[in-house]
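Hi,

Here is the structure I promised to pass on. Have a look at it first, and my notes on what turned up follow below.

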Amino acid sequence: MQQKKDKYQTSSSQKQQRNSSSSGRKRPQTREKRAENRSRDFKEQSSARKSSGSEKHLDLVFSKKKSSPRSPRFEYEDDYIFWCRKCNLPLIGEECGICGSKGEILHLSQPADVRFCSPYEREVIEKQLISTFGCDPLGDRLILLNKIPGEDKTDEVLIDGFIFGVLRFELSKMDYSFEPSLQGAKILLKSAEGRNVELKKTNRHLNGKNVASGLIESFAANIKAGDFVLLTAGNLSGYGVSYIDGADFAAQENLAKPKALSGTGVQPEVRAPSKVRALPEYETNSPSETETKVLRVRKVDSSEAFLHPKTPDLSVCIEANKKHLQVLGKNAINTIRGIISRNEYRNLPVYVSFSGGKDSLVVMDLAKSALKQREFKAFFLNTGIEFPETVEFARDLCREMKVPLEEMSAGSSFWEQVEKFGPPAKDFRWCCKVCKLASAGDLETEKGTCSLSGKEAANAVAYLTIDGKRKHESFSRARIAASETNPFVPAQLNIFPIRDWRALDVWLYIYWRGLSYNPLYDQGFERVGCWLCPSALAAEYARVKELHPEMHTRWNAFLLEWAKKHGLSEKFVEHGFWRWKELPPKMLRLAEELGISVLAEEKAEAFEIEVVGGISPCKAGGFSVEAGVKGIREKEAADFINVLGKTVYAEELGMLLVKTGTGTVKFFSNGNLLVSSETKEKAVCLFKEAAKQFVRLSRCTGCGICEKACPVGAISIKEGKPHVSETCIRCGKCMESCVVTRYFNKLVPGLDEKLKV
């Protein structure tokens, strides 16, 4: 028994070694080159995960964490859970409630928001394993998923206290793929029926090396270029990445076969092609041009891997964590009571911010326990683009819990505004202002008086909101405190009683308390916000098409029409490029690989500037103002907007960037305008200055007054339009003399009202 236990426990010295590679790559030209570049991408992603604490787990998780000093991200100190080796269970505290033994530390890749695998995600894993390797050895085991950085939905798959592999949704093919870990590959090899490659025995070092075709003993026919493959070489086993198809390898073997011996009908032993036969051993990372690269070894060694003999179910897991859940709940309840019982807050209205998601569900249950002697209500911001399941669940749950519900609805605001501003984006989320913050402001207007008046009412907290934000959800939320005022609605004080919880804690609490939860979680959604949110994962957006085809059809039709107007292809929409205004490097690389143009066409329109909802706080700090501008091309603006500050025009990206002493102005080829600064006042001032320049440019008559007023000769009139050179000293003389600037408030009436200042 002890021997079997020793086999199950992997040595802590087994770790995956990653080699960094250059990020600059040329567009792949052939199938083999694409497969090789995919392998390089895999290395880069691994290196990125290493800086955030991921790489150390690929083969062994129970090792001491080493943080990267170069990582710019927030480093979570509590990036681990425990694992009971005896009961084979995850623990949110050190001691197992079943056997009483102490669990071993299981370090997690940051942000370490580990969760249970949903039924739909389990189906995806099963499908990937069977279609790829012909087997699914996981059975009914408890599976945890830990999200890690990636181009879209990317999760480490944890079983039995180790990482079995990585499940990722690839934007290039809009589908899932599964990459085994070293330990996962060894387990798959015991019953796999596909993707197997046998190498000839060698004493050479293999990890990270390219392998030539003459050194392959056998190569499965179902392998495709870019596939992860299971490797054996004598007593070594592991996995690698294929550069070629199984059919191509078979063709090479056939070319290498000499004719049968005359009169015997006997074929001699199959040999590798002559161009690689001269290789004495496994080649290095830089083979000669005459050698054929077949695959790259990721990791192999001589260790063994076994699945744990015990497969406990969820009820046992809940029992093992019950004491820890009681402590978590008690601490959260004390946080709520401690804040709302302060003298200055005792008579204020209390609300639970209820979104219909798992976190606000837990907060609702905690509030009922904490506020038995205090009335509270739930408020639900219905954006008008919520999932119907979410709206129904929010209403049903409040009835079930007997909690009064105030539903603030944005109605059709999104669909009324989307024609003006285009699709929302991760870096241009005008929809939040229109559909969420406006409704939150309505709540403040209705409840914010609270017996206060004048200056006191303007500066004091008017009501309390219990919110389910958690720091492990994202790096941007990592530093939230127990309570904070809302920067957009200052009269609102938010309380965050579960800010330190992970998704695993949340789900264990829900199961322990027997709470009803939003059915979308079982359908493959990690979050249940607006169904067309640009911040949602493409993998989840694909599920919308399956579950609600009528909703998907409406939005997709708009996106296709919008793309057509801007000279963008259907592929641009299909692969999710619409979700950014300023595309990140990963999306630029994907566009190059797929041959998709990301530069929108410029078309002449009548001038118009439309502000989105006011000023809002930015995730990265400071405040921003967003608007839609028509009738101005960014190339025209690039020749003139230098009057505001240092200008950078990236024509290939369709973006104009202006850096000033107080903030930045970004103007995109589709007409979106984004102004950012460190304070509300500076953001408003900079936005007005930018708006004045756009109005000047659109209304310019070519009179030449500004040209004469410029003391350094930086302004010239070309083809009836003003141009400002880099010699501009930004003294403002040209604006003082411009008739358009003088009548700006009449030309753009109600701007302060739109900005809500």
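**What I found**

H324 touches I92, G93, E94 and E95, leaving out residues up to four places away in sequence (contact means heavy atoms within 4.5 Å). This is a predicted model, so local features need pLDDT of at least 70 and side-chain atom pairs count only at pLDDT 80 or more, while totals for chains, interfaces and linings use all residues. Residues are numbered from 1 along each chain as its sequence is written, and side-chain values use heavy atoms, with hydrogens and water left out.

**Helix α7 and the cores**

H324 sits in helix α7, residues 314-340 (helices are DSSP runs of H or I, at least four residues, and strands are runs of E, at least two, numbered from the N terminus). With a relative accessible area of 18%, H324 is buried (buried is under 20%, exposed over 50%, partly exposed in between, with a 1.4 Å probe and protein chains only). I318 is in helix α7 too, and at 14% it also counts as buried. Beyond its neighbours within four places in sequence, I318 contacts L508, Y511 and W512. The C-alpha atoms of I318 and W512 are 6.2 Å apart, although 194 residues separate the two along the chain.

The largest nonpolar core has 140 residues, and F164, F414 and W555 touch the most other members (a core is a set of buried Ala, Val, Leu, Ile, Met, Phe, Trp, Tyr and Cys residues joined through side-chain atoms within 4.5 Å). Helix α7 gives the most to this core, with 10 residues. Apart from it lies another core of 43 residues, including V658, F687, A690 and L751.

**An open sheet**

Five strands form an open, antiparallel sheet in the order β4-β5-β6-β7-β8 (two strands pair if DSSP finds at least two bridges between them). β4 (115-116) and β8 (175-180) each have a single partner strand, so one side of each has no neighbour in the sheet. Inside the sheet, 6 bridges join β6 (residues 154-159) to β7 (residues 162-170), and D155 stands opposite L167 in β7.

**Salt bridges**

The count comes to 26 salt bridges (a side-chain nitrogen of Lys or Arg within 4 Å of a carboxyl oxygen of Asp or Glu). One of them pairs D160 with R141, with the closest N and O atoms 3.0 Å apart. That pair links the loop between β6 and β7, where D160 lies, to the loop between α3 (119-133) and β5 (144-147), where R141 lies. Both D160 and R141 are buried. Another salt bridge joins D301 and K186 at 2.9 Å, N to O. Here D301 is in strand β14 (residues 293-301) and K186 in helix α4 (residues 182-189), 115 residues apart. K186 is buried at 6% relative accessibility, and D301 is buried at 16%.

**The whole chain**

The protein chain has 24 helices and 28 strands. Of its 757 residues, 54% are buried.

Cheers
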